[in-house]
Amino acid sequence: MKVLRLRHQFKTLRATRRAPSSSRCDGASDTPRKCPEEGTTEAVFGGLVNGGSTKEEEFEHDIPEDLGPLQFVKLRKHHSLVDNAWFCDHITVQGPVAFEEAAFPCYCWVQAGSVLCLPEGTACLAGNNALDVFQKHREQELKERRQIYCWATWKEGLPLTMAAGCEDDLPANMRFHEEKRLDFEWTLKAGALGMVLKRVYTLLRSWNRVEDFDHIFWGQKSILAEKVHQRWQDDELFGYQFLNGANPMLLRRCTSLPSRLVLPSGMEELQAQLEKELQNSSLFEADFILLDGIPANVIQGEKQYLAAPLVMLKMDTSGKLLPMVIQIQPPSPSSPTPPLFLPSDPPLAWLLAKSWVRNSDFQLHQLQYHLLNTHMLAEVIAVATMRCLPGLHPVFKLLIPHIRYTIEINTRARTQLISDGGVFDKAVSTGGGGHVHLLHRALAQLTYCSLCPPNNLADRGLLGTPGALYAHDALQLWEITARYVEGIIHLFYHGDDVVRGDPELQAWCREITEVGLCQAQDRGFPISFQSQNQLCHFLTMCVFTCTAQHGAINQGQVWRAESPGP
């Protein structure tokens with residue numbers, strides 16, 4: 001008589017509603033039976049599982065004959081009076097031999113009446129044997145997933161999205177878990193309440209001085225937020241933000257003076273200063289030309305405005321990045337020599353010019369570098385992964401922790417933030433359609449190399465720049481991620497021929513480049529993997545984009561919370 005010990009962990013769908021403890025997890029039988037798959041035996045056993053428990057549970061069961069190496073566990077939830085879904089983390093089976101343990105990852109919801117077939121969790125590549133039980137399982141899993149995870153077009157010409165009208169249309173396994181949902185919705189409600197209270201507080205107050213902005217800067221503050229609040233007018237902080245603020249992706253070192261910078265007569269001294277800094281390789285620029293000609297929004301009947309500024313900055317000997325001149329708009333037939341603003345101008349004029357720059361930086365930060373380059377790209381990776389890679393594939397196991405919640409957060413954004421009548425239409429200068437125009441322009445700049453810090457920072461001339469903390473940290477995190485990815489990949493791909501011969505992997509690559517990113521091979525994205533190095537580099541980009549890069553762009557928004565501009 002063999003004794004199998006099973007351990008499992010379940011979570012209920014709603015923390016406030018517990019599945020009844022008498023719900024059966026499986027049928028009960030002590031008799032092994034032959035499975036349809038040749039040479040395999042199945043033992044049906046079960047017990048009373050407390051589906052309301054969030055702790056690990058364990059029970060034992062006697063099996064009259066040796067089952068051999070365990071390949072699958074089938075999990076079924078019977079109907080009950082209250083049919084809450086259960087979330088199963090994993091099941092482990094301890095055999096009769098010491099340390100003989102098999103793990104069966106699940107990490108999905110168990111619905112009433114459904115049967116989950118969980119393969120033993122060791123990652124493996126696709127096999128060539130059509131009769132292999134694992135190969136049949138992989139094919140069936142992908143067939144079912146492709147019916148669930150379908151592509152959709154949000155706006156023509158932009159990356160594809162998950163087909164879902166709202167978050168309620170998403171598969172249960174892609175939804176926020178209870179703790180995440182409550183935290184997310186509470187944060188939204190708290191933010192909305194804060195805005196209402198500040199609106200009421202300032203309703204009867206006039207705004208006549210710059211200091212009156214303090215009326216809306218109250219509530220919870222961090223040390224960083226307080227420092228930004230106190231110093232937002234300083235030139236030093238203005239320059240510092242291009243290196244390490246919410247949007248450190250635009251600044252580049254000059255190799256020549258920008259053609260759009262037209263200096264009128266009488267500014268020979270500025271011309272000489274710019275050329276001197278250029279010769280010393282200490283001249284930098286931030287060009288917002290992508291915003292030129294984008295139609296501005298109309299909010300409550302009032303026309304909004306957008307600037308497309310150019311900022312020229314110098315790095316002094318102490319490593320401080322300081323603005324030298326700001327051009328609010330590029331030259332045009334009606335204004336061939338647009339006005340320039342200098343630090344020597346009247347303080348409020350100079351502050352107004354810097355505020356226009358911060359407003360423009362907000363538009364590019366949120367739409368190009370945050371929404372498109374992290375969120376929308378991550379969703380393409382997530383949907384392609386679910387459609388093309390089975391759960392046993394090592395690349396699936398590598399990526400799945402990093403794309404968690406991506407699909408729901410993006411679905412919410414499309415229905416609440418950038419939708420018709422959403423937050424952008426109601427409150428942002430690029431709303432009302434301008435944001436879609438901007439995304440189309442930004443997509444042309446979304447190259448494969450632009451997503452890889454070693455290439456991106458080299459292209460912008462920022463490698464080794466003093467005080468460039470984002471650049472320093474991005475390179476370090478890229479290298480750490482690359483080493484981790486290489487360690488995993490080399491366990492399963494022992495040569496370039498194995499990479500080329502993996503049909504699931506190659507299908508995943510094509511799905512991302514040709515389908516999700518709408519034929520992005522013209523922008524350097526691969527349509528196949530020919531070597532271990534190429535695969536590792538691409539996977540490093542995927543993990544870095546979904547984690548470190550999004551963290552830098554998203555969490556950096558504290559810079560905007562405590563200073564006027566957007």
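Tyr107 lies in strand S7 (residues 101-110), strands being DSSP runs of E with at least two residues and helices runs of H or I with at least four, both numbered from the N terminus. Although Tyr107 is not a glycine, its phi is positive, at about 50°. The model is predicted, so local features need pLDDT of at least 70 and side-chain atom pairs count only at pLDDT 80 or more, whereas totals for chains, interfaces and linings use all residues. Residues are numbered from 1 along each chain as its sequence is written, and side-chain values use heavy atoms, with hydrogens and water left out.

A positive phi, near 60°, is also found at Gln519, a residue other than glycine. Gln519 belongs to the loop between helix H14 (503-516) and helix H15 (532-555). Its relative accessibility is 42%, and Gln519 therefore counts as partly exposed (buried means under 20% relative accessible area, exposed over 50%, partly exposed in between; 1.4 Å probe, protein chains only).

In helix H12, Tyr470, Ala471, Ala474, Trp478, Thr481, Ala482, Val485 and Ile489 are buried. An α-helix has 3.6 residues a turn, so residues three or four places apart point the same way. The cover over the buried residues of H12 includes helix H4 (235-244), helix H7 (394-399), helix H11 (453-459) and H15.

Thr545 is located in helix H15 and counts as buried because its relative accessibility is 1%. A polar atom of the Thr545 side chain lies 2.8 Å from the backbone oxygen of Met541. Beyond neighbours within four places in sequence, Thr545 is in contact (heavy atoms within 4.5 Å) with Asn373, Thr374, Leu377, Leu451 and His550.

Terms used:
Polar contact = N/O pair within 3.5 Å; in protein donor to acceptor, adjacent residues only side chain to side chain.
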